[in-house]
Amino acid sequence: MDIKTAIGTSSKKDPYEAANEAVASCRKKFPGLEADLAIVFSTCGLANPILLKNIQKLIKPGVPLIGCSAAALITPSGILKEGVILLLLSCPKTKISCYSVEGIRAKGHFAAGVELAGNILQTVKGMRREMCVVFSDGLLEDTSDFLKGMQNAFGTSFPIIGGNSADNLSFSQTYQFYNGNVFSQGAVAALFAQKLNFGFGVRHGWKPLGKIHTVTASYANIIQEIDGKKAAALYEDYFAKTLAQLQKDTLLINTLYPIGIYLDKENEYLLRNAMLFNNNGSIVTHDTIALGSKIRLMIGTKDSCIESAKQAAAQVKSDMRDKKIELLLVINSASRLRLLGRSADEEINALKEVLGQDIPCVGFYGYGQQAPLRSLKYFGHSYYHNQAIALLGIG
């Protein structure tokens with residue numbers, strides 16, 4: 001029996017009604033709703049245990065449910081700014097193991113990653129492991145360290161693909177879903193084992209500006225100095241603006257001009273958003289940038305965003321070797337949504353141009369993406385990305 005998917009959506013504001021409508025849509029494809037995994041993405045207004053528990057009540061008992069909150073949703077018919085999307089996935093030849101971890105900050109990012117991966121592995125002992133999908137809190141200070149913890153348990157070449165949850169761009173609180181529970185500062189994951197055809201792609205499309213610089217003082221996700229000067233001088237010098245002006249324009253800079261981390265033999269830089277310019281001239285970034293990192297200012301455009309989406313889709317197509325894709329999971333960036341604005345649908349249409357207009361396409365806009373890089377040196381080693389589009393094709 002082949003892989004089957006069913007996708008249901010709702011824009012109703014009441015969580016009980018939204019669950020009913022989303023499940024009813026899935027029932028048209030899965031009359032018995034006999035899935036092996038349920039994935040739920042919702043905007044923050046519906047991040048409610050009532051939503052999840054009613055979905056669980058309506059589908060086949062015992063089906064594990066994972067998901068997270070989002071800035072917006074990606075559905076087969078377009079982008080949904082408010083609502084919920086439900087994906088039911090049936091994989092008869094695949095073992096799916098799910099688990100969650102809470103209190104990541106208190107436990108430590110690395111330790112929490114080890115805990116999550118270690119618990120998942122307990123149920124697939126002796127089986128061939130294919131890949132892991134993970135959704136984590138979008139406001140963690142060190143998602144990279146959390147990923148390192150997971151890979152410490154899985155192995156450094158094991159593919160981890162996923163994204164960080166989001167809110168409505170207030171950056172105040174994001175949510176993770178596991179079965180009927182809603183929580184923050186946590187992560188949920190599903191490990192696929194035994195047999196699965198899949199392909200992945202990740203691209204961002206931002207281009208470097210100016211010369212390469214060196215991080216000369218940093219702590220956690222705070223850059224204190226670049227080239228021996230206060231970190232904010234990088235932006236002050238390039239844009240001829242004062243620190244006060246940069247602080248006023250932080251959201252624009254966050255979207256258009258992130259910091260790119262150079263990686264040897266890799267075609268694209270890893271991006272990090274500049275989240276805050278402190279009064280002392282340091283920069284708070286979305287995740288860590290290690291001491292000694294080679295960095296550059298980056299710039300993105302609508303055209304480069306859309307082109308990079310095509311490139312990521314082409315990577316998926318190459319991995320799948322022309323086998324039919326039954327599901328395309330899209331982990332997109334809230335920054336890309338803000339940059340593209342009314343053109344955001346063009347990016348989703350670009351994916352379909354490469355992979356087929358009728359491809360079942362589902363996903364969300366969040367605060368970060370996790371995916372392996374593609375160069376020989378980094379292949380299989382998953383990294384935390386900002387402002388990228390990460391794709392997972394299953395067939």
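Student: In which loop is the place of Q185?

Tutor: This is a predicted model, in which local features need pLDDT of at least 70, side-chain atom pairs count only at pLDDT 80 or more, and totals for chains, interfaces and linings use all residues. Residues are numbered from 1 along each chain as its sequence is written, and side-chain values use heavy atoms, with hydrogens and water left out. Helices (H or I, at least four residues) and strands (E, at least two) are DSSP runs, numbered from the N terminus. On that numbering, Q185 sits in the loop between β11 (181-183) and β12 (187-193).

Student: What is phi of Q185 near?

Tutor: Most residues other than glycine have a negative phi. Q185 is not glycine, yet its phi is positive, near 55 degrees.

Student: Is Q387 buried or exposed?

Tutor: Q387 also has a positive phi, near 60 degrees, and is found in the loop between β25 (382-385) and β26 (389-394). Buried means under 20% relative accessible area, exposed over 50%, and partly exposed in between (1.4 Å probe, protein chains only). Q185, at 32%, is therefore partly exposed. Q387 has a relative accessibility of 2%, so Q387 counts as buried.

Student: How many aromatic pairs does the structure hold?

Tutor: Rings of Phe, Tyr and Trp (its six-membered ring) pair if their centres lie within 6.5 Å. Planes under 30 degrees apart count as stacked, over 60 as edge-to-face and the rest as tilted. By that rule, the number of aromatic pairs is 10.

Student: Which kind of pair do F154 and F158 form?

Tutor: F154 is buried, and F158 is buried too. Their rings are 4.9 Å apart, centre to centre, with 50 degrees between the planes. The pair of F154 and F158 is tilted.

Student: Why is the pair of Y235 and F277 called edge-to-face?

Tutor: A pair of aromatic rings is described by the distance of the centres and the angle of the planes. For Y235 and F277 the centres are 5.3 Å apart and the planes stand at 85 degrees, so the pair is edge-to-face.

Student: How many residues apart are Y235 and F277?

Tutor: Y235 lies in helix α6 (residues 233-239) and F277 in strand β19 (residues 274-277), so to speak of the pair is to speak of a link between distant parts of the chain. Y235 is buried at 0% relative accessibility, and F277 is buried at 2%. Ring pairs also link both residues with Y238, F239 and Y257 into a cluster. Y235 and F277 are 42 residues apart.

Student: How many salt bridges does the rule count?

Tutor: A salt bridge is a side-chain nitrogen of Lys or Arg within 4 Å of a carboxyl oxygen of Asp or Glu. One of them joins K107 and E115 at 3.1 Å, N to O; K107 is partly exposed at 41%, and E115 is partly exposed at 29%. The count comes to 9.

Student: Is E236 buried or exposed?

Tutor: E236 meets K230 in a salt bridge of 3.4 Å, N to O, and K230 is partly exposed at 38%. D237 meets K229 at 3.2 Å, with D237 exposed at 52% and K229 partly exposed at 43%. E236 itself has 14% relative accessibility, so E236 counts as buried.

Student: Which residues gather in the patch of positive charge?

Tutor: Patches are made of residues with over 30% relative accessible area and no salt bridge, like charges being joined within 9 Å and nonpolar side chains (Val, Leu, Ile, Met, Phe, Trp, Tyr) within 5 Å. Lys and Arg count as positive and Asp and Glu as negative. One member, K323, is found in the loop between α9 (302-320) and β22 (327-333) and is partly exposed at 48%. The positive patch gathers K93, K195, R321 and K323.

Student: Which helices each supply at least two residues of the negative patch?

Tutor: The negative surface patch is formed by D303, E307, D345 and E346. Among them, E307 is found in helix α9 and is partly exposed at 39%. The helices are α9 and α11 (344-355).

Student: How far apart in space are K57 and A19?

Tutor: K57 is found in helix α2 (residues 49-58) and is exposed at 65% relative accessibility. K57 and A19 are 38 residues apart in sequence. From C-alpha to C-alpha, the distance is 9.8 Å.

How values were computed
Areas by Shrake-Rupley, 256 points an atom, 1.4 Å probe, with all protein chains shown as cover. Charge placed at Lys NZ, Arg CZ, Asp CG, Glu CD.
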